[in-house]
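Please open the model in your viewer, with the sequence panel alongside, and follow the stops below in turn. Each stop begins with something to select and then describes what is there.

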Amino acid sequence: MSHILKVALDTPLRRLFDYLPPLQSTVEPAVGARVRVPFGRQRLVGVITGTAADSDLPLTRLKPVLQVLDTTPVVDPALQGLLAWASEYYHHPLGEVLASALPRALRLGVAAAEREERWLLTEAGSLAAAAGEPRRATKQRALLAYLHAQGEASATALAERFGAWREAARALMSRGWIASAEVELQRPAAPAAAVRTPGPALLPEQAEAVAAITASLDRFGAFVLHGITGSGKTEVYLRVIEQVLRAGRRALVLVPEIGLTPQLLARFRERFEAPMAALHSGLTEQERLAAWRDAFSGRARIVVGTRSAVFAPLPEPGVIVVDEEHDSSFKQHEGGFRYSARDLAVMRARLAAVPVVLGSATPALETLHNVSTGRYARLELSRRAAQAQPPTLKLIDLRNHATRGGLATPAVLAIERHLAEEGQVLVFLNRRGYAPTLLCTACGWIAPCRECDARLTVHLGAGRLRCHHCGADLPLPERCPQCGFAVKAVGQGTERVEETLGALFPAAAIARLDRDVVRRPQEAEGVMRRMSSGEARILVGTQMVTKGHDFPNVTLVIVLNADQGLFSTDFRAPERLAQTIVQVAGRAGRGSRAGEVLIQTEFPDHPLLTQLLADGYDGFARIALEERAEAAWPPFSRLAALRDSARSGEAALAFLAEARGLARHTPFGVRLLGPVPAAMHKRAGRYHAQLLIESRERRPLHAFLDDWLPQVEQLKSARAVRWSLDVDPIELF
Ligand code: ADP
Ligand code: ZN
Ligand code: ZN
């Protein structure tokens, strides 16, 4: 007899907790169901992950569960398998992993199924109603008569019919004539999914891709759908999903964290007559719970969401799609549980025995490596779907040209020409604000952030100086606090470029897209509309403009400064730069006119740029992968980073040094590098450092971590710092 319940609780402890079944309960405690349990002086909500015959603790010391919260497991076995795998792979406690998979409301114990308050008649009430009681209270009589006629009614229905009805209901209840109950909401069964508007005839490459993916709808397969923006990847997803829906299954679609969800959803809605659920960071807790419930109940046939939606419940999945799979927002790199939603999507598909589609114009080098080792299959869309030609890319040598507000003369002339030809222009600069530096030309003072090793950014419109690393926000001084001389904003941010363009092209309406203009993803819609309607002629923006939006009339793209990515300590910087350039270039010429892309740089001979221009992303990727192989960086090795932060630089380094000291006997092939202070040592008032763990193979690395981490956790110095482990880190500093 298995009498012990193994419960995962949202605590940093790397273990499960044993409880006895509830003393009295009508609900059988099932694996995957939530329970409320006593934990010290607290009451916590946890998830039953299994049962056992006995416990390490004497039975007398075990406490019973207080309450079983679910009749149906909130985490089905398939999802539980994924979460257990994630807990092991990312070396993070299962309780916290489970917690991150559930909306907050559910972690607090709210019902998983939607409930509804229903009112019904008692037997006495029936008799009273038949007798036309109560004679003197009109509203009560009407309410009673209504319930008599209907049998029962929901609170919502009563409110609709009677307006303020609760007082009357209370009076009737006190006479024992009516009663209420909370019941699980019975939604009408989801209509069979149907195609609303059929898509265009597929191009041969699209048809091949759809055929390849749907040939294996009931087994695992990882497909890399590689095609430039506009090549028809989304159309391929739609066709695959169509077949999945037809087979009575469901689709999970992951998109980057940047306000694309509404656009993609709109396209899905246009195509399919099927309930959908959207899970993204712009939702309120209420909306998130509602979307989760739609997914959980199986009502939603398509679930679209950002990173954490990889954990969305999805009965009978049929396909998982990761759009823009290279996007760094799929990596959770904050908090304790750091995971890659892209990699988890692949694992989820494997566990569910369904295909996963990784779409991108610029697949991650890891993904391309998985293609060359045969783990993933590559499907290529080499041409643009709607008649459109690929853009031409050219460099502008900043050393040879005068600039005005960061714009070199050839760029200004090109803008003029494209505007005159009725085209739209996109100007990309990966820096928001007015200027990155506030300088005193008399004494050389530069506005620093007190909490970070960083400069404060000038936000002229707001009249503020802001730190983009810690959020510090100060009034913008007019004079140097050191010598009293006037200060000057140096360098360019999107706000200033907008101003410069306004002065150069007063007749053209300019739109801006960055996190200062658009604080919530939904707000991007307005900016998009100004561009797609043609009202705005120039769009200036940060990374946000590089993603997914379709502006068919953009014929010119200008990359203001490509050089930040060329010389970085992070071995991934060139990959990110190449992806950004290709992505932003993909915005040009999506309509019938060919586009032009101009990239401003001071290093026009840099091999990365010349390679990218000569051979495109594929050529770049080939060279970049060779370099990675030579240097033994991922994907030719495996990395984990132990990171920490502390009030002093010494403390931050001391903990990591001690942790390193514990690793005297590393397995063969595992190397520790560091500890070193982070490139930005001080950030938000804390000092950051990191210790890298590197290994050629995955297995020894994980064996080492299994053995080492529990010891690291026990270190006294661990309590003086905030630390986290990042497996497969994508940003190194
Ligand atoms: P991607 O997702 O690769 O950017 P989309 O699927 O959005 O590409 O396709 C780009 C544009 O081409 C869209 O406007 C889409 O409707 C259109 N399109 C896609 N496939 C076809 C096709 N087979 N025939 C005609 N138009 C197509
Ligand atoms: Zn000064
Ligand atoms: Zn700061």
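Begin by selecting Cys470, which is partly exposed because its relative accessible area is 28%, where buried means under 20%, exposed over 50% and partly exposed in between, with a 1.4 Å probe and protein chains only. Before going further, note that this is a predicted model, in which local features need pLDDT of at least 70 and side-chain atom pairs count only at pLDDT 80 or more, while totals for chains, interfaces and linings use all residues. Residues are numbered from 1 along each chain as its sequence is written, chains are lettered from A and ligands numbered from 1 in the order in which they are written, and side-chain values use heavy atoms, with hydrogens and water left out.

Cys452 sits in the loop between strand S22 (437–440) and strand S23 (457–459), and Cys470 in the loop between strand S24 (464–466) and strand S25 (473–475), so the pair ties together parts that are 18 residues apart in sequence. Helices (H or I, at least four residues) and strands (E, at least two) are DSSP runs, numbered from the N terminus. Cys452 counts as buried, because its relative accessibility is 4%.

**The zinc ion (ligand 2)**

Which residues hold the zinc ion (ligand 2) as protein donors? Select Cys440, Cys443, Cys480 and Cys483, whose SG atoms lie 2.2 to 2.4 Å from the ion. This site is also tetrahedral, with angles of 101 to 116 degrees among its four donor atoms, and the donors of ligand 2 are spaced C-x2-C-x36-C-x2-C along the chain. Cys440 is buried at 1% relative accessibility, whereas Cys443 is partly exposed at 35%.

**Ligand 1**

Next, select ligand 1 and display the 17 residues that surround it, the closest being Ala201, Gln206, Gly230, Thr234 and Arg267; a residue is counted if one of its heavy atoms lies within 4 Å. A nitrogen atom of ligand 1 is 2.8 Å from an N or O atom in the side chain of Gln206. On the backbone side, an oxygen atom of ligand 1 lies 2.9 Å from an N or O atom of Gly232, and an oxygen atom of ligand 1 is 3.3 Å from a polar atom of Ser231.

**Asp570**

Move to Asp570, in the loop between strand S29 (554–559) and helix H17 (573–585), and buried at a relative accessible area of 6%. Its side chain makes a polar contact of 2.8 Å with the side chain of Arg576, and a polar atom of the Asp570 side chain lies 2.9 Å from the backbone nitrogen of Arg572. A polar contact is a pair of N or O atoms within 3.5 Å; within protein, one must be able to donate a hydrogen and the other to accept it, and residues adjacent in sequence count only if both atoms are side-chain atoms.

**The five-stranded sheet**

Finally, select the open sheet of five strands, whose order is S2-S1-S4-S3-S5 with antiparallel pairing; strands pair if DSSP finds at least two bridges between them. Strand S2 (17–19) and strand S5 (67–68) are the edge strands, each pairing on one side only. Strand S1 (residues 4–9) pairs with strand S4 (residues 42–52) over six bridges, and Ala8 stands opposite Val47 in S4.

Terms used: Donors are N, O and S atoms within 2.8 Å of the metal (3.2 Å for Na, K and Ca); water is not among the atoms, so sites may look incomplete. Four donors count as tetrahedral if all angles lie between 85 and 135 degrees; four count as square planar and six as octahedral if opposite donors are over 155 degrees apart and all others between 65 and 115; anything else is irregular.
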